[in-house]
Amino acid sequence: MHRVTRPLPPPTLVAALASVIALVAALLTIAGTAAATGPPGGSTGTCDPTHNTCGVGTGGVTHTRGNSGGSDPCADFPGAFAGEEPPLISQACADELHGQACQALITDTTDGLGRPPAQWTLIEVQTTNIALAAQGCPPVVTAVELADRAYKTIRFPTPSGSRSPPQTLLYKGFPFTYVNLWTYYWTTPGTWKTLTATASAAGFTATVTARPTQLIFDPGDGSSTQSCPGPGRPWRDADGNNAPSSGACGYQYGRVTGSPITSTQSIVWKITWTGTGGAAGEIPQLVTSTSGQLNVMQIETVVTR
């Protein structure tokens, strides 16, 4: 049988497993949980070559030495777990040992947190992934972590900042409105729509849904912000100077401004997600905004005789 033999790449298995133990303890401290304990009998990451099983990592993962019918890449290397300087082994066996050490870290973290990975919080997943990366292990995949991935791919639009009178009408280089008249504000339909994104990996899937819930208008004159449950709508001739109705949003400026002021429109987004196995949650709400300057002017009345 052709075999590629090489030493297990440094650090040695014992040193690597010692690092795993230290990282697990640090991980569980960050997550606010008690540190995981080793398996019954106090496995240390090494073993006695005269026995048939050897502990790998603090989670009690074991490996039976000897012929396993060809399915065990370490079957022909009975000393693979013993000593501070491991013997020459095949690359397949080295990969097997590394995989067992990675699984031991995940198992110990799961035991310490008292919940399976599918129920971990995002910070617990991220902290575990840092510990895994330090050992060259692949990241753990859960629905909550995939929800975070999906969320980061969404491009949230800013409101259009539309107002009436329209911003295309300028006075001394700035848009304007009139004192004591209703200034309508709205955002265009393309900026007010439900957004979704999905991410999948390793049999897990998560879908994020973001819905606009409020259009907020900060008039910029020092008064409180105005909130509208929908996107608003443009002013129509039939509206005259009546209070906004039929889905319209508006504000009345109470005084003339001597110089341009800055008004701001904002969309508030409610963000939820669902995932494999009935997992679900919320992501903190997001606000996107658009600002622009305008003058508030006095209406001039011309009387003819």
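**Entry 1**

I take buried to mean under 20% relative accessible area and exposed to mean over 50%, with partly exposed in between, for a 1.4 Å probe and protein chains only. By that cut-off cysteine 102, at 8% relative accessibility, counts as buried. The model is predicted, so I note that local features need pLDDT of at least 70 and side-chain atom pairs count only at pLDDT 80 or more, while totals for chains, interfaces and linings use all residues. Residues are numbered from 1 along each chain as its sequence is written, and side-chain values use heavy atoms, with hydrogens and water left out.

**Entry 1. The chain as a whole**

I looked up the secondary structure and found four helices and 14 strands in the protein chain. Helices (H or I, at least four residues) and strands (E, at least two) are DSSP runs, numbered from the N terminus. Of the 305 residues in the protein chain, 41% count as buried. The accessible surface of the protein chain is about 15900 Å², and 56% of that belongs to carbon and sulfur atoms; the areas come from the Shrake-Rupley method with a 1.4 Å probe, and for residues only the protein chains shown count as cover. I then looked up contacts, meaning heavy atoms within 4.5 Å. Among contacts in the protein chain with a separation of 6 or more, 65% are between residues 24 or more positions apart.

**Entry 2. Disulfides**

I searched for disulfides, defined as pairs of cysteine sulfur atoms within 2.5 Å, and the structure holds three.

Cysteine 74 and cysteine 93 are joined with an S to S distance of 1.9 Å. This link is right-handed, with 110° about the S-S bond. It connects distant parts of the chain, 19 residues apart: cysteine 74 is in the loop between strand S3 (61–64) and strand S4 (89–90), and cysteine 93 is in helix H2 (residues 91–113). Cysteine 74 has a relative accessible area of 1% and is therefore buried; cysteine 93, at 0% relative accessibility, is buried.

Cysteine 102 and cysteine 137 form another disulfide, with sulfur atoms 1.9 Å apart. I read -85° about the S-S bond, and the link of cysteine 102 and cysteine 137 is left-handed. Here cysteine 102 in helix H2 is tied to cysteine 137 in the loop between H3 and H4, 35 residues apart. Cysteine 137 is buried at a relative accessible area of 10%.

Cysteine 228 and cysteine 249 form a disulfide with sulfur atoms 1.8 Å apart. This link is left-handed, at -70° about the S-S bond. Cysteine 228 lies in strand S11 (residues 226–228) and cysteine 249 in the loop between S11 and strand S12 (250–252), 21 residues apart. Both cysteine 228 and cysteine 249 are buried.

**Entry 3. Helix H3**

I checked the length of helix H3 (residues 122–134): its 13 residues should span 18 Å at 1.5 Å a residue, and its end C-alpha atoms are 19 Å apart, which agrees. The expected span is 1.5 Å times one less than the number of residues. Which residues of H3 are buried? I list Glu124, Val125, Thr127, Thr128, Asn129, Ala131 and Leu132. Just after H3, glycine 136 takes a positive phi of about 75°.

Two strands pair if DSSP finds at least two bridges between them. Strand S10 (residues 204–218) runs antiparallel to S13 and is joined to it by twelve bridges; threonine 209 has threonine 272 in S13 as its bridge partner. The hairpin of S13 and S14 has four residues between the strands, and its glycine 277 takes a positive phi near 75°. Strand S7 (residues 174–178) runs parallel to S14, with three bridges; tyrosine 178 has methionine 297 in S14 as its bridge partner.

**Entry 4. Aromatic pairs**

I counted rings of Phe, Tyr and Trp (its six-membered ring) as paired if their centres lie within 6.5 Å, with planes under 30 degrees apart stacked, over 60 edge-to-face and the rest tilted. The search of the whole structure finds six aromatic pairs. Phenylalanine 156 and tryptophan 269 have ring centres 5.3 Å apart and planes at 70°, so this pair is edge-to-face. Phenylalanine 156 is in the loop between helix H4 (143–152) and strand S5 (162–164), and tryptophan 269 is in strand S13 (residues 261–275), 113 residues apart. Both phenylalanine 156 and tryptophan 269 are buried.
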